[in-house]
Amino acid sequence: MKILVIGGGGREHALAWKLAQSPKTHKIYIAPGNGGTALDCQFENINITDVQELRSWATTQKIALTVVGPEVPLAAGIVDEFRNHDLRIFGPSKAAAQLESSKAFSKAFMKRHGIPTADYETFSDPVAAHAYIDLKGAPIVVKADGLAAGKGVVVALTAAQAHEAVDFMLIDNTLGVSYNQGGARVVIEEFLSGEEASFIVMADGKNVLPLATSQDHKRLLNGDLGPNTGGMGAYSPAPIVTPDVHARAMREIILPTIRGMEKDGIPFTGFLYAGLMIDAHGHPKTLEFNCRLGDPETQPIMIRLKTDLVDVLMAATEPGSHGKLDEVELQWDRRTALGVVLAAHGYPLAHRKGDAIMGLPKDTEDAVVFHAGTSLNAGVLSTSGGRVLCVTVLADNVRLAQQRAYEVILGIRFDGMQYRNDIGHRAVKN
């Protein structure tokens, strides 16, 4: 069958890579794709991003299945557009995607359905927001109510940082947030302490299928220091998600969310990502929801997945009131997968583009370099985004996976390349 993957980052490269392993796959198109997918003869990049144009193209090409990677087309209603023309697509509707596209919607939903999360208030008036920060003090968390490519959250350790974040988001919009209707808003919430983990499931409107556990590293620098990024690396499985934490997350967060969305008349289909904060007693709370796979968590998860992903997605999109994910069982490689992101000069602020990339190794069964911010022009591969590559490996344990990943990185070169040397450090300590 012909399959379309929407997006152009590392997550989409990993999805396409896994889909290409299925004997049911005839051709995989990626819109718009990146330099890495352009280099691979298994894929064909399609330079279309407009939702209606994509739907028209998919109809003409008789695309059997579409998978949506990033949040922007989901928030723009691509799933509704495809479904309205009887095209099979995996992802949430525009209404359901509000769980990610609107922090205010998400927090109100969690409060309404009793899903554990941090206490919060929502503001559009900077004066009121500043007064709330003065009342609550620091540490405190400021979140933009819109899409911000993973950078719209400021964990303020001082009141001054919190005030600055409010001005950035409500007055200057320095972060380039795509705000929702009604203008700029922020959610200010209590600071939660503990350890973060990524809990990702697939949903078909009623049934839920958990993916392998994972944990990413948001901060730019070693030791989880420096500014927040979209993610500098990840590994799977995550030891912090014990069987008890897993059961709690499913019982207290995931299932109430799926049932709550169904009860509210907006059933959720697609990948649902719950960012969890797990306290010292193993109690998880919801930091945020994403309506898509995490990036870079997708890369380690996909390299561990042994089940045919095409079969899983076809079950999830079975026509009717809901799919057939309850009939699917996922098989996983028992080894640890670990991915290290190589970022461009200047990331996460004004990153540089156009640096030539050299020394890329050939992929093997246990080491794959997934592309994100790369472009191919006249046969030259160069940087085009903030997060450029994700070197992803499989090994028997986290320490060996670290060693293997950093061995691969030694051969890769581009000017200004930056990366962390300690991805997976929490699991090594555990």
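This is a predicted model: local features need pLDDT of at least 70, side-chain atom pairs count only at pLDDT 80 or more; totals for chains, interfaces and linings use all residues.
1. A definition to start with: two strands count as paired if DSSP finds at least two bridges between them. With that in hand, look at strand E18 (residues 269-278), which pairs with E19 in the antiparallel sense over six bridges.

2. Four strands make up an open sheet, in the order E13-E12-E18-E19, and the pairing is antiparallel. Strand E13 (208-210) and strand E19 (284-290) are the edge strands, each pairing on one side only. From one strand to the next, the twist averages 35°.

3. Next, the aromatic rings. The structure holds six aromatic pairs. One of them is formed by Tyr29 and Trp57, an edge-to-face pair with 4.9 Å centre to centre and 80° between the planes. This pair links distant parts of the chain: Tyr29 sits in strand E2 (residues 27-32) and Trp57 in helix H3 (residues 51-61), 28 residues apart. Both Tyr29 and Trp57 are buried.

4. Why is the pair of Phe90 and Phe271 edge-to-face? The ring centres of Phe90 and Phe271 are 5.0 Å apart and the planes stand at 90°, and planes over 60 degrees apart count as edge-to-face. Because Phe90 belongs to strand E5 (residues 89-90) and Phe271 to strand E18, the pair ties together parts that are 181 residues apart in sequence. Phe90 and Phe271 are both buried.

Definitions and conventions: Residues are numbered from 1 along each chain as its sequence is written. Side-chain values use heavy atoms; hydrogens and water are left out. Helices (H or I, at least four residues) and strands (E, at least two) are DSSP runs, numbered from the N terminus. Axes are lines fitted to C-alpha atoms, for helices over the stretch in contact, and angles run from 0 to 180 degrees between N-to-C directions. Rings of Phe, Tyr and Trp (its six-membered ring) pair if their centres lie within 6.5 Å; planes under 30 degrees apart count as stacked, over 60 as edge-to-face and the rest as tilted. Buried means under 20% relative accessible area, exposed over 50%, partly exposed in between (1.4 Å probe, protein chains only).
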